Amino acid sequence: MGSNSFRLEIGHLRDGRYRRHAYLKETVRLGAGLDSEGMLTEEATERGLACLRQFARNLGGFHPAQVRAVATQTLREARNRDAFLHQAQAALGFPIEVISGREEARLIYAGVAHLQPSNLPRLVVDIGGRSTELILGEKRQPIEAESFRVGSVSLAMRYFPDGRFTSEGFRAAQVAAGAEFEEALAPFAASRWDHALGSSGTAGAVSDVLRASGQTDGSITPDGLRWLMKQCIEAGSADRLDLPGLKPDRRPILAGGLAILYTLATHFQIEALQPAKGALRQGVIVDLHDRLLARQRQRGHDLREDSVKALQHRFGADLEQALRVARLACHLFDQVAPRDAEEERIELRWAALLHEIGQMVSHHDHHRHSAYLLGHVDAAGFSQSQQRRLADLVLGQRGGLRKMEELIHSELMLWQMLCLRLAVIACHARSEVPEQTLRLQRQGRIARLAFRQEWADTHPRTVHLLEEEEQAWARSGLALTLHLG
């Protein structure tokens, strides 16, 4: 779900080869629907919802684990994104994740690297409606990946209002783009890559025009870009721009994309930018394929596991305590969760493994620091939406439950939180708790926690904390009762 277009791709990987089964694209211009206060307008919202309803008709029969929907810069910015996402998920019929700029860049490179493999270091450029991603990578590994808040739609709206093309507008747009990219000059310097690729719509559209006009073989060169900007200025407006190979929906935003491309070409010494075969949507499918294989314990690898370990190391987590809490929390959750709650179990495990990272900041109220870090840190493989869920779980690991009332999105999340809180209490002495010690039963919205008398006699302080927990849940939507036996 991009700032300019929404795209649906259905594909699969077999023996490392990618095959597309279906592809739909709708020009939604969601990014043009952000008002001066950063709110999505009703018109833009309805355009997006109408497109998603159309996409939903093509996804009937797909299991939720087979579908992944990601949203980019416009929904990273929109102040009313939660309200939009609530309606959007109902329209599509599947969850929608908002991904960070760096995660978007990583997924773009995954798509390019899979469909266009190379052993040479390369620069990949993806110009979207409201952001531009730069990725320096080698083989299938991104080395540098960054997102910049400048895109074809945002520049077009600001410097080419009402589709009017002027030389002054192009100069001002290039200065604005150059200011955004200035910090990238060293990490993405021309000395670090062998060739450059342009992914997604802007690069493809410009390449098509240059080829159809006989200016180049499809390569995007500084000379070709200067020629194309001259054509825009001579036409004077998007309505009067008539070039071979240029689709009507590209005319209003072409000048913004050209300004970015020319700025990148001159600042990063790009002599020729070739259109890439892959893009974000293929990267999402490749990533989803790896996750499904990892879940089936096959050869696939879920990058999020690496990110969890990296965060533990980065923030000095007590690894033994994290494992203790994670094992017990998952054991309790397995006793009360439905069989199809595998994703929720995995998220609970990650939350438990990271529940104490805030102690790097301060031991006091470390759960709040842990939640803040989880909600804001760059973690490869995770969407912003999923990081927010983990942060909410971690925030609820201790303390009053009233603060969580607006953060609990489902009844299953209540049970995740209960299991995490019980595991933190049971392991508070930082010693191993045998799994058979605590037995959790679910009876509607009542949780029955049972333990043996002999264990209670030898762990009076833990029992005291459990009794306080019982009282805390009495005022929530879930009742906790303690039982001996």
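Start by selecting α13: its buried residues (under 20% relative accessible area, 1.4 Å probe, protein chains only) are covered by elements including α10, α11 (303-314), α12 (319-336), α15 and α16. The model you have open is predicted, with local features needing pLDDT of at least 70 and side-chain atom pairs 80 or more, while totals for chains, interfaces and linings use all residues. Residues are numbered from 1 along each chain as its sequence is written, and side-chain values use heavy atoms, without hydrogens or water.

Helices here are DSSP runs of H or I with at least four residues, and strands are E runs of at least two, numbered from the N terminus. Now colour the buried residues of α13: Ile-346, Glu-347, Leu-348, Trp-350, Ala-351, Ala-352 and Leu-353.

Next, show the largest pocket, with a volume of about 1,400 Å³. A pocket is an open set of points on a 1 Å grid over the protein atoms alone, where a 1.4 Å probe fits, with protein on both sides within 12 Å along at least five of seven lines; lining residues have an atom within 4 Å of a point. Of its 37 lining residues, select the closest to the centre: Pro-95, Glu-343, Glu-344, Glu-347 and Arg-389. Helix α15 gives the most to this lining, six residues.

Last stop: Ser-370, in helix α14 (residues 366-376). Ser-370 counts as buried because its relative accessibility is 0%. A polar atom of the Ser-370 side chain lies 2.7 Å from the backbone nitrogen of Gly-358.

Key:
Points joined across faces, edges and corners; volume = space filled by probe spheres on them. Buried < 20%, exposed > 50% of the residue type's maximum accessible area, 1.4 Å probe, protein only. Polar contact = N/O pair within 3.5 Å; in protein donor to acceptor, adjacent residues only side chain to side chain. Contact = heavy atoms within 4.5 Å.
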